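Let's walk through this one together, question by question. Have a look at the structure first, then we'll get going.

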Amino acid sequence: MEQNLIKSYNCPYCEAQGTISDETLTQIAAQPLVEAGKLDKDAPLSAHKIGIPIQDPTRTGGLTVTVLLIEQDYCATCGLEYTVRASTMEAPVTMQQVPPPGYPPQRPFGMPPGSGMG
Ligand SMILES: [Zn+2]
């Protein structure tokens, strides 16, 4: 149930200059792999991925939380970084998402997700 939140992939800096670019450095770097058939043409590539849990992991009632995934990459024309994709997805609950000390722990410290203690 991944949902894309951004409709335009164009670089906002280039768009402001009147030279619209939607090509990123990772796309250019991956081009030989795409041509060799080792990577899908539409593979979602990005330089940085930032996952932001937007749901209280103590209130999900399950092993996943809804995460806002923001992907950033570098424009192949001007070299500046911009957001190429933003989407929501379900991700496994991890220790990083569990509230800091002071809250009741959800599982013993160090237990990985999916270990049956969630
Ligand atoms: Zn640009």
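Q: Which residue in β3 stands opposite I50?
A: This is a predicted model, so let's read the strand pairing with that in mind. β2 and β3 run antiparallel and are joined by six bridges. Within β3, the residue standing opposite I50 is I70.

Q: Which residue in β3 stands opposite K49?
A: K49 sits in strand β2, which covers residues 48-53. Leaving aside neighbours within four places in sequence, K49 is in contact with L69 and E71. Of that pair, the one standing opposite K49 in β3 is E71.

Q: Is K49 buried or exposed?
A: Count the other C-beta atoms within 10 Å of K49 and you get 11. Because its count is 11, K49 is exposed.

Q: How many buried residues are there among the six residues of β2?
A: K49, one of the β2 residues, is exposed. The strand as a whole is hardly covered. For β2, the count of buried residues is zero.

Q: How far apart in space are K49 and Q72, C-alpha to C-alpha?
A: Along the sequence, K49 and Q72 are 23 residues apart. In space, C-alpha to C-alpha, their separation is 6.5 Å.

Q: Which residue in the turn of the β3 and β4 hairpin has a positive phi?
A: β3 and β4 form a hairpin, with six residues between them. In that turn, a positive phi of about 85 degrees belongs to G79.

Q: What is the C-alpha separation of T66 and E90?
A: Neighbours within four places aside, T66 is in contact with I54, Q55, T88 and E90. T66 and E90 lie 24 residues apart along the chain, yet their C-alpha atoms are separated by 4.7 Å.

Q: In what order do the elements run from the N terminus on?
A: The chain has two helices and four strands. From the N terminus on, they run β-α-α-β-β-β.

Q: Which element has the highest mean pLDDT?
A: The chain averages a pLDDT of 80, and 75% of the residues score at least 70. Among the elements, strand β1 (residues 3-4) has the lowest mean, 67. The highest, 93, goes to helix α2.

Key:
Residues are numbered from 1 along each chain as its sequence is written. This is a predicted model: local features need pLDDT of at least 70, side-chain atom pairs count only at pLDDT 80 or more; totals for chains, interfaces and linings use all residues. Two residues are in contact if their C-beta atoms, placed from the backbone, lie within 7 Å. A residue is buried if 20 or more other C-beta atoms lie within 10 Å of its own, exposed if 12 or fewer, and partly exposed in between; C-beta atoms are placed from the backbone. pLDDT is the predictor's confidence in each residue, from 0 to 100. Two strands pair if DSSP finds at least two bridges between them.
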